[in-house]
Amino acid sequence: MDFKVTIPSGDTYSWKKTGNLWSLNGCREGWKRFNRTDGISVCMKTFLARIDRYDARVNKCQSMGTDQIGVASVEESQWIHEQMMQYEPTTNASFAFWTDVSFTENCKSANFCNNFTWKDGYTTGTAALNTSTNFDCKCGANYCLTVAYFPGNTTKTMTSAFCNGWGDGYVCGYNLKKSV
């Protein structure tokens, strides 16, 4: 048996049965919940579209009452990467989804990859941006963060890319407490 409720906005929420108990994860139907180390819970969803970052943020994420969300952990970046790979990008070309971050330093700074601004208002920290494991930091003026597939380096799940370029998709999300 499935137990779902649809609220007046049209969003659907599902209850999950575990043994004799029912629980509500709090996210809209089709969205994934992450409980972050800072105590904030967020819900995320990926979307496939050939799109620029601004259009993804304003005309897609914000128009559905969400944000272009930041990535707070390696676990989140790996989940986004797995979702992205379900769209079956060709194995000989890079493939990237826009997330939230703008780098604030220029390439002359030794700390370029550590100087950025989360704009969603609830993502903090640098746990997702580990250059030794999952973050392939590219330095350039006006660079932003993407979750990406690299044909030559499949261990990395994130990179910095030119903010005014085109992406293959985007990631929206919302703070679960803020949305209630």
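Colleague: Are C61 and C172 buried or exposed in this model?

Modeller: Both C61 and C172 are buried (buried means under 20% relative accessible area, exposed over 50%, partly exposed in between, with a 1.4 Å probe and protein chains only). This is a predicted model, in which local features need pLDDT of at least 70 and side-chain atom pairs count only at pLDDT 80 or more, while totals for chains, interfaces and linings use all residues. Residues are numbered from 1 along each chain as its sequence is written, and side-chain values use heavy atoms, with hydrogens and water left out.

Colleague: How many disulfides does the structure hold, and what joins C61 to C172?

Modeller: A disulfide is a covalent bond between the sulfur atoms of two cysteines, assigned here when the pair of sulfur atoms is within 2.5 Å. The structure holds four, and one joins C61 to C172 with an S to S distance of 2.0 Å. This link is left-handed, with -85 degrees about the S-S bond. It connects distant parts of the chain, 111 residues apart, from C61 in helix α1 (residues 53-61) to C172 in strand β12 (residues 166-175); helices (H or I, at least four residues) and strands (E, at least two) are DSSP runs numbered from the N terminus.

Colleague: Which hand does the link of C113 and C137 have, and which the disulfide of C144 and C163?

Modeller: The link of C113 and C137 is left-handed, with -100 degrees about the S-S bond, whereas the torsion for C144 and C163 is about 100 degrees, so that disulfide is right-handed. C144 lies in strand β10 and C163 in the loop between β11 (158-162) and β12, so the pair ties together parts 19 residues apart in sequence. C144 is buried at a relative accessible area of 0%, and C163 is buried at 6%.
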